Amino acid sequence: MRGSQVSARLKLLSAIVVAGIILSLCGYNSINARAQAKRAEMAYGQIDLKRLLAADEHPEEWLTAGRDIGKGHYSPLTDINRKTVARLGFAWGYDTHTNRGLEATPIVVDGVMYTSGSGGTAYALDARTGRELWTFDPKNDLSVTRRSCCDIVNRGVAVWKGKVYVASFDGRLFALDAATGTVLWQADTIIDHKRGYTITGAPEIAGRVVVIGNAGGEYDTRGYLSAYDLETGKLAWRFFTVPGDPSKPFEQPELKMAAKTWDPKSRWDMGGGGMVWDAISYDPDLNLVYFGTGNGTFFDQSKRSPAGGDNLFIASIIAVNADTGRFAWYYQEAPGDQWDYDAVQPFILTDLKIGGKIRKVLMQASKTGFFYVLDRKTGQLLSAENFVPVTWADRVDLKTGRPVEAPGARAYKTGFNGSNYISPSPVGGHNWNPMAYDPKTGLVYIPVIENGQTGLFSGKGFLRAWDPIRSKVVWEVPMAGYWDHPGVLATAGGLVLQGTGTGHFRAYDAETGKLLKDIDVGTSIIAAPMTYSLDGVQYVAVMAAFGGGGWSYSFPENAAYQRGNEGRIIAFKLGGGPTPMPPLLPPIGPIPQPPEQTGTPDTIKRGATLFNANCASCHVNEAGSLAPDLRRMRSEIHEGFREIVLGGAMVNGGMPPFEGVLSTEDADAIHEYLISIAWNAYKQQQAAPKN
Ligand code: CA
């Protein structure tokens with residue numbers, strides 16, 4: 001009896017416990033359900049045209065990459081200003097757990113920050129705290145990463161009516177539920193997967209469609225802009241930027257005109273280039289989509305289009321109707337481009353008083369070194385003056401709109417041979433890093449690059465305040481080097497805010513360029529900051545990690561080489577604390593003794609050629625490079641070499657598989673080459689006097 005009593009009690013007890021668990025689960029569930037219901041009721045990503053048009057009345061939000069329709073990268077917020085900025089400090093940080101470049105400008109709406117990182121990973125964070133709401137990993141086809149000319153980066157998301165649009169590096173465009181990050185639709189933007197197409201740019205909302213371009217002009221691609229239905233992801237239209245093979249029909253009528261500017265014997269097999277890899281803007285008033293196009297493929301016109309010609313529409317700004325994709329106008333900055341002058345730097349749309357008349361303009365500080373002001377209704381060139389030293393053209397003729405090319409400018413061949421430099425270099429006078437326009441000072445703040453005649457890997461960077469009407473520099477601040485030209489934010493607080501490659505975050509007086517605040521954050525910054533306000537607190541936030549073109553080159557002052565390149569989003573506010581600093585990297589160890597060299601001189605030579613063609617854009621073989629220095633491979637890396645190079649054994653570390661591109665013999669030849677340079681370095685190290 002006692003036993004059964006005990007057993008009954010145990011049963012009762014367990015029943016109570018179970019009931020308790022069920023009750024607490026119910027309670028938990030109901031709380032959870034309430035939270036979910038609340039989340040569903042809450043507005044997530046509810047940006048629409050009405051809200052976008054009223055952006056200035058709600059400066060607490062940051063609704064597009066550049067805040068508003070014009071993308072001036074300017075905020076009317078004033079709490080953080082000339083007087084108070086001395087108290088700016090760390091508010092919160094978020095680790096992206098990536099070590100590639102971060103280039104996007106976040107969007108903030110209704111208390112949530114939406115942004116993107118390496119490869120098109122998307123993040124939704126509580127903008128008050130940096131707490132993660134969701135992340136989205138597009139699960140890139142990592143073999144595509146070997147087509148990365150300039151790092152595996154992504155320049156941002158678009159947010160519209162409850163959806164977040166983001167593109168993956170391997171070329172897919174996604175629509176995500178803004179509340180959860182769930183995929184609502186995806187579209188493959190690539191017309192030929194055998195070619196070097198990728199995406200690094202941000203999508204743009206344009207009426208009923210979302211538009212996106214592609215990168216890949218260093219490979220064998222043909223440029224186009226694709227437009228997809230916002231709701232369904234169905235392709236609405238596609239605009240090709242260069243004519244295809246003339247033996248096939250033209251996809252658009254204007255390509256017939258464009259084809260006349262190419263040698264009929266052009267290398268059509270190379271695709272032609274004209275990639276739309278960054279700037280896209282939309283003017284809802286005119287219902288026009290504006291986008292820039294990149295270099296021609298090949299870079300060298302004598303190979304690309306041997307008889308010359310303008311090679312429309314490379315290195316151009318194009319406007320098309322958002323509903324139909326029909327051509328409206330074009331302006332070509334570098335006819336017959338020979339210098340890698342992609343015309344894709346972010347546009348600013350605004351109104352300027354020129355010659356006593358208010359004009360709706362599109363402004364661009366181009367890679368060409370000229371600051372273009374175009375009438376965005378007609379494409380008429382209103383102004384084009386150089387904001388950096390320019391040697392490829394004497395000037396731009398405003399009547400014809402054409403540059404007056406300097407004698408000998410075409411003698412320059414794009415390459416890394418250390419001679420024959422022209423200004424600007426292929427890095428451009430200004431690259432993708434957003435500039436800012438302050439309507440109060442009337443100045444544009446441009447992160448500029450000067451490294452033409454002095455050689456590709458020397459030169460200077462400046463933050464330069466440019467008067468777009470008088471076409472003159474008003475003030476400038478020197479940066480650490482030509483590689484140091486991060487994106488810019490201007491505010492009505494009289495501030496220009498910018499990170500640095502050396503790992504600082506700075507605030508300048510917008511009128512004078514006087515440095516008002518410098519915060520050492522220890523992480524290299526290339527992206528543009530943005531600002532927003534929540535519960536009466538103004539925040540400034542920036543994505544931080546080094547990358548982009550030339551990302552793997554070694555710059556000793558770069559914070560990424562001193563403290564690593566772990567990506568993070570950093571937010572600042574008045575009265576904030578000191579910014580947590582990443583630890584210093586350990587000193588670089590000695591070069592280990594390489595394995596025995598068994599390859600013949602011929603094999604080593606072949607390996608060197610293959611290395612330069614396939615590996616050198618990331619592995620520059622300098623100590624301190626962001627990609628591993630292959631002279632320092634450990635024995636287990638040597639042993640697993642084939643599996644790493646061909647099979648993708650280190651794909652999670654960022655090393656794409658080269659199966660199908662390189663044969664086993666090729667991989668072995670590269671290995672023999674690397675062993676040979678490792679031995680050279682090792683012998684030098686051993687012969688050096690010890691101290
Ligand atoms: Ca280019």
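**A tour from pocket to strands**

Start at the second largest pocket, with a volume of about 660 Å³. A pocket here is an open set of points on a 1 Å grid over the protein atoms alone, where a 1.4 Å probe fits, with protein on both sides within 12 Å along at least five of seven lines. Its volume is the space filled by probe spheres set on the points.

This is a predicted model, where local features need pLDDT of at least 70, side-chain atom pairs count only at pLDDT 80 or more, and totals for chains, interfaces and linings use all residues. Residues are numbered from 1 along each chain as its sequence is written, and side-chain values use heavy atoms, without hydrogens or water.

Select Thr64, Lys71, Pro203, Glu204 and Ile280. Of the 38 lining residues (an atom within 4 Å of a point), these lie nearest the centre of the second largest pocket. Strand 11 (204-206) and strand 15 (280-283) are among the elements that each supply at least two lining residues. Strands are DSSP E runs of at least two residues, numbered from the N terminus.

Next, select strand 34 (residues 537-544).

Strand 33 (residues 530-534) pairs with strand 34 in the antiparallel sense over five bridges. Click Ser533: its bridge partner in strand 34 is Gln538. Strand 35 (residues 568-574) also pairs antiparallel with strand 34, over six bridges. There, Ala571 is the bridge partner of Ala541.

Definitions and conventions: Pairing = 2+ DSSP bridges. Helix = DSSP H or I, 4+ residues; strand = E, 2+ residues; numbered from the N terminus.
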